[in-house]
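Here are some remarks for a colleague who is about to look through this model.

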Amino acid sequence: MSPSHPAPTTGPDGDGAACPLLEMRSVNAHYGAVHALIDVNLAIYEGELVCLLGGNASGKSTTLKTLLGMLKPTSGEVVLDGEVVNDKPTGYRVARGVTMVPENRRLFKRLTVRENLDLGAYLRSDSQQVAADMERVFELFPRVKERLNQKSGTLSGGEQQMVAIGRALMARPRVLLMDEPSMGLAPALVQQNFELIQQIHQAGLTVFMVEQNANMALSIADRGWVLQTGRVVLDDTAENLLAHPDLQASYLGTAEQPNPIEGPSLSEALDAIRREERY
Amino acid sequence: MTGSASVAGSAVPTRPEALSAPPRPAFSHDWRRIARIGAIAALGQMFIALSNMPVRLDERLVVKPVLSLGYLVLLFLPVAVGYRHGHQTVREGVPVSRPGLHEVVGGFSCGLLAGGGLSVLAVLLAHFDLREPLVNWSPILLDLLAFGNNTWFAAVIWLVIGAGLGAAGGAVRLLGPVSRRAVVTMALAVAGAAVLESLVVDLAEGMGLEALADRLYARRGGVNWNSALGLAGVCGVLAVIGRGRLRHARLRHAELQGTKRTRANAALIALTAAALIVLPLFAGKLTNELLANVGLFVLLALGLNVVVGLAGILDLGYVAFFAVGSYCAAVLTAATSPRITPEMPWLVALVVVVVITGLVGLFIGAPVIRMRGDYLAIVTLGFGEIIRLLFLSDWLSGWFGGAQGITKIPAAGIFGLTEVSGTDPRRVFYLVLVFCALAVYVSWRLERSRLGRAWMAVREDETVAEAMGINTVNVKLMAFVVGAVLGSFSGAIFAAKVGSVFPASFLILVSIVILVVVIFGGMGNIVGVIAGAAVLIGVLGGPKQPGLLVEFSEFKLLIYGALLIWMMLARPAGLIPSVRRTRELHQHEMAQDAWLQGQVDDEDEGKEARSSTAAARR
């Protein structure tokens, strides 16, 4: 459990004190002919809580898929703990501590909560430690224990989120990738959910979350990136991003003034995000 | 702890006793509902009449000399709709009216309309000739409907019969639970004894009770009039004495927990096994043949259940593996196979068969499993046909005999102890039983294994399963291979039993029947699959194998269809649904119950929540 890394705000310059846990080095990815990720550089350090912001179709989920190995980059490198894992399958990466909590939770609805948790630990063979980890999940979410033999599809949204996180924790991850944790949850639950994420992070886990809800995400994150149509357009600490006039304008709706500082492309980018947010 | 009780446990509140209200007025009805039920019944009656079932089955007497099977199929629908009309949905807090004259009058009206369908048909039959599209539009049918009299007699008598039976059906509601049970048991006992005549005679002969069978049945088929009365009496008394015992026992079993439950289950399994081992000794050839056929389909259905029920791969070409198993066994054991004649002993051949079928499973599976959903189903359908056509083709006829197939397949020798062939169905059954037991054990273990869990994960959500680190391609291939191997067992036994294999034995219909068995029994549930095979194959018969209802074999597919429709409406989870499936289908009710109890305080509002957060942000 290392403290937050002294935030390296720019790309993979290689002069950071420690090697990043998970890194993307000028990654390009395509869906058929569509260029979904364009020269994306990300570095996630041990113990950090970082977020990737962006509107619909900006490439957030693609980034996650690429990190997890469900999509192969066309160029660039995905580096896990110093090892280039471009050609390694998802299972290899999961076994080495990269785990995802999917968007909208996506539990195995017809399976019980226990079966869902067991599937989280699918690649592990240390049954005793798996049992211990399950106890830890129960400590974290006593609610989950009550529902253990219930079919997960019958749980409420908040409980499903707990199971989804619990399932991911069962893989004993080193870095947790969270795809839109606030998606499809009532406002009160969104708040609760972010507190949960903070709690997990404080327990020593590195968290990388992908969000549209920038305000909420930045309020708990150390650093963040803004992704727009496949490109990283902003890369800064959370405070700076929160204070950033463009983000202010697009997410908080407080700053009415136009922002001449960053040039047209960025304004356009954030306008696009704001437009997409409306729908 | 697997029972539904544990799941429902705290979530389902105990339902209050249904409130009872005074009977509804006799002549105030929801006439629209009566018209709907009656119209459906009338159309159904016409359809049954024109399906030629009454004419074909008229020869077969049910109760001698009053009732033939042909008339029986025309008589049950009015009773059924008359009874159905009186149905009231029990809702919490809404009183249920006590049955009274209302039910009888309603049943009368529904039955009248149902009988009216046949009256109209009789008149139409007399005045128009629609033989061209409707092959069974014949004077014989008219004669049957008119009981040998003229058309107008037919028109009137069916109105009377329909109304009478409908009213009788409605009147059943008036009976108290005990007498209703007795009446239903009596009717079912007589109908059962009559329809299952051949089975009963066969069993009676096996147990040395020919005298009883002779008493019960008339010489030319059908239950004797007085024996029917006697049987009804005995069964009615038994029903009254044993009322509720069975249900009570089942409830108690469902409530058992932990080791007690395991022990009870073990006892049940042991009892079933003992019955299955002992029963064939007392059964004649016919019954054993039937049991053997059911066993072959149980094997196939268990194999398909792994593929469809556990891994969620809709395989419509499953017959391919049955065919490969049969042909391999035939080529390896028969001296007459066209190209190679290793003449292996059956058990040695079986090992080779398993290996080859497994490889074929891999070979077919590899391209297929990369697809999803509908596309996958269509491609498997294609592969099923391709395999059959390959066996039929001239190109491979040098190996597999083309349309002539391979004949004179020797009996299956088991360690030199016995020879199993179709001439002794009892031995076939025991052989099938061994493999069924093996298949049940393998399915049961797999379902609870790591691989089984991975299958279920892939079935639920393939993308997320992949994200969990499951190698979805390998896992799905494994399902294909396991299914293929189980199917090949059935094929190898089939080859030895029948003694010959032809491409015509492996039509696409076989695939469909196996799938229907799995769906009908309850997908993903071993007991359900076995029950499905017993009902569909045992009672109705397989694609080519006769069932208990030999008379109905011509109308088998019609009845399959009707059963499937009924099942989709009444028991969507299958005959014996797995706990999991029940949970899925009653998910709404359970959620509602939980909500009623105040256990769920935060509901997932999905999109609304999103839009409201977005609004709040602005």
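**Notes on the predicted model**

1. Of the 279 residues that make up chain A, 58% count as buried. This is a predicted model, and the remarks that follow should be read with that in mind. The secondary structure of chain A amounts to 11 helices and 10 strands.

2. When the contacts in chain A with a separation of 6 or more are considered, 68% of them are accounted for by residues 24 or more positions apart.

3. Chain A contains an open, antiparallel sheet of four strands, and their order is S2-S1-S4-S5. Strand S2 (34-44) and strand S5 (83-84) of chain A each have a single partner strand and therefore stand at the edges, so that one side of each is left without a neighbour in the sheet. Helix H1 (residues 60-68) of chain A packs on this sheet, where it touches strand S1 (22-31), S2 and S4 of chain A, and the direction of H1(A) makes about 115° with that of S1(A).

4. Leu80(A) has Glu83(A), in S5(A), as its bridge partner.

5. Leaving aside neighbours within four places in sequence, the residues in contact with Gln161(A) are Val101(A), Arg105(A), Met178(A), Pro181(A), Leu185(A) and Asn193(A).

6. On chain B, a nonpolar surface patch of about 630 Å² deserves a look; Met207(B), Leu209(B), Leu212(B), Ile277(B), Val278(B), Leu281(B) and Phe282(B) make it up. Which helix gives the most to the nonpolar patch? That is helix H13 (residues 258-282) of chain B, which contributes four residues.

7. Leu212(B), one of the residues of that patch, belongs to helix H10 (residues 210-216) of chain B. Its relative accessibility is 56%, and since exposed means over 50%, Leu212(B) counts as exposed.

Technical notes:
Residues are numbered from 1 along each chain as its sequence is written. Chains are lettered from A and ligands numbered from 1 in the order in which they are written. This is a predicted model: local features need pLDDT of at least 70, side-chain atom pairs count only at pLDDT 80 or more; totals for chains, interfaces and linings use all residues. Side-chain values use heavy atoms; hydrogens and water are left out. Patches are made of residues with over 30% relative accessible area and no salt bridge: like charges are joined within 9 Å, nonpolar side chains (Val, Leu, Ile, Met, Phe, Trp, Tyr) within 5 Å. Accessible areas come from the Shrake-Rupley method with a 1.4 Å probe; for residues, only the protein chains shown count as cover. A salt bridge is a side-chain nitrogen of Lys or Arg within 4 Å of a carboxyl oxygen of Asp or Glu. Helices (H or I, at least four residues) and strands (E, at least two) are DSSP runs, numbered from the N terminus. Buried means under 20% relative accessible area, exposed over 50%, partly exposed in between (1.4 Å probe, protein chains only). Contact means heavy atoms within 4.5 Å. Two strands pair if DSSP finds at least two bridges between them. Axes are lines fitted to C-alpha atoms, for helices over the stretch in contact, and angles run from 0 to 180 degrees between N-to-C directions.
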